[in-house]
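I opened the model to look up a few local features. My entries follow the order in which I looked.

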Amino acid sequence: MSRPDVASLTPAGNSIGLDPIAALSVLDDTTRRNIIGTIVGHPKGAPSKKELEYYNPSVAASTLTDHLIRLEEVGLIEAIERDRQGFERGKPYRFFQLTDTARELFDRNKLFDLDAYRELFAEVEKTDEIKAAEDIERPNGQN
């Protein structure tokens with residue numbers, strides 16, 4: 001088995017970066033790997049919590065929140081929010097996406113291949129509610 005490429009992922013001029021060992025260590029958990037896979041496979045790369053719950057039905061909402069917090073703490077994902085002003089109640093406004101350094105780490109180590117996960121994701125049956133959630137514009141322009 002080859003060793004992961006864990007060279008520094010600290011952006012130039014930034015003293016805070018992704019600790020590759022800590023980041024890869026949190027992926028020892030199947031649920032967290034599935035969450036990352038859901039984010040990677042999502043057509044816009046930034047699912048809402050509602051979508052994450054739908055695609056990971058065996059995970060309780062509170063447990064999902066705990067996993068999202070852990071993934072954020074190590075720098076693998078980040079939450080992005082849409083302005084709620086004038087937004088219909090009950091519609092998702094908070095989304096989760098990979099950080100750029102996480103994508104770089106995964107690419108270096110041939111993990112979470114974007115094309116493979118998008119193909120798998122496209123085969124999943126979706127309810128009208130989930131289709132509507134996927135159609136919502138993401139705050140960073142991911143459409």
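**Terms and source.** I took helices (H or I, at least four residues) and strands (E, at least two) as DSSP runs, numbered from the N terminus. This is a predicted model, in which local features need pLDDT of at least 70 and side-chain atom pairs count only at pLDDT 80 or more, while totals for chains, interfaces and linings use all residues. Residues are numbered from 1 along each chain as its sequence is written, and side-chain values use heavy atoms, with hydrogens and water left out.

**Overall layout.** I counted seven helices and two strands in the protein chain. Read from the N terminus, the order of elements is α-α-α-α-β-β-α-α-α. I then looked up accessible areas, which come from the Shrake-Rupley method with a 1.4 Å probe; for residues, only the protein chains shown count as cover. The chain has an accessible surface of about 8,500 Å², and carbon and sulfur atoms hold 46% of that surface. Of the 143 residues in the protein chain, 38% are buried. For contacts I required heavy atoms within 4.5 Å. Taking contacts between residues at least 6 apart in sequence, I found that 67% join residues at least 24 apart.

I placed glutamate 51 in helix H3. Is glutamate 51 buried or exposed? Glutamate 51 counts as buried because its relative accessibility is 0%. With neighbours within four places in sequence set aside, glutamate 51 is in contact with His42, Ile130, Ala133, Glu134 and Arg138. I went on to histidine 42, which sits in the loop between helix H2 (30–41) and H3. Histidine 42 also has 0% relative accessibility and therefore counts as buried. Not counting residues up to four places away in sequence, histidine 42 touches Pro47, Glu51, Arg118, Phe121, Glu134 and Arg138.

**Salt bridges.** My criterion was a side-chain nitrogen of Lys or Arg within 4 Å of a carboxyl oxygen of Asp or Glu. How many salt bridges does a search of the whole structure find? The search finds eight salt bridges.

- Lysine 126 pairs with glutamate 134, and the closest N and O atoms are 3.5 Å apart. Both lysine 126 and glutamate 134 are buried.
- Lysine 49 pairs with glutamate 53, with 3.9 Å between the closest N and O atoms. Both residues of this pair lie in helix H3 (residues 49–55), four residues apart, which is about one turn of the helix. Lysine 49 has a relative accessible area of 26% and so is partly exposed. Glutamate 53 is partly exposed because its relative accessibility is 29%.
- Arginine 70 and glutamate 73 meet through their side chains at 3.3 Å, N to O. Both lie in helix H4 (residues 61–73), three residues apart, again about one turn of the helix. Arginine 70 is partly exposed, with a relative accessible area of 32%, whereas glutamate 73 is exposed at 56% relative accessibility.

I found isoleucine 77 in strand S1 (residues 77–81). At 3% relative accessibility, isoleucine 77 counts as buried. What does isoleucine 77 touch, not counting residues up to four places away in sequence? Isoleucine 77 touches Ile36, Ile39, Leu68, Leu71, Glu72, Phe96, Gln97, Leu98 and Thr99. For isoleucine 77 and threonine 99, 22 residues apart in sequence, I noted a C-alpha to C-alpha distance of 5.1 Å. Leucine 105 belongs to helix H5 (residues 100–108). Leucine 105 is buried because its relative accessibility is 0%. Its C-alpha atom is separated by 9.0 Å from that of alanine 23, 82 residues apart along the chain.

**Glutamate 123.** My last entry concerns the loop between helix H6 (114–122) and helix H7 (128–135), where I located glutamate 123. Glutamate 123 is exposed, since its relative accessible area is 67%.

Notes: Buried < 20%, exposed > 50% of the residue type's maximum accessible area, 1.4 Å probe, protein only.
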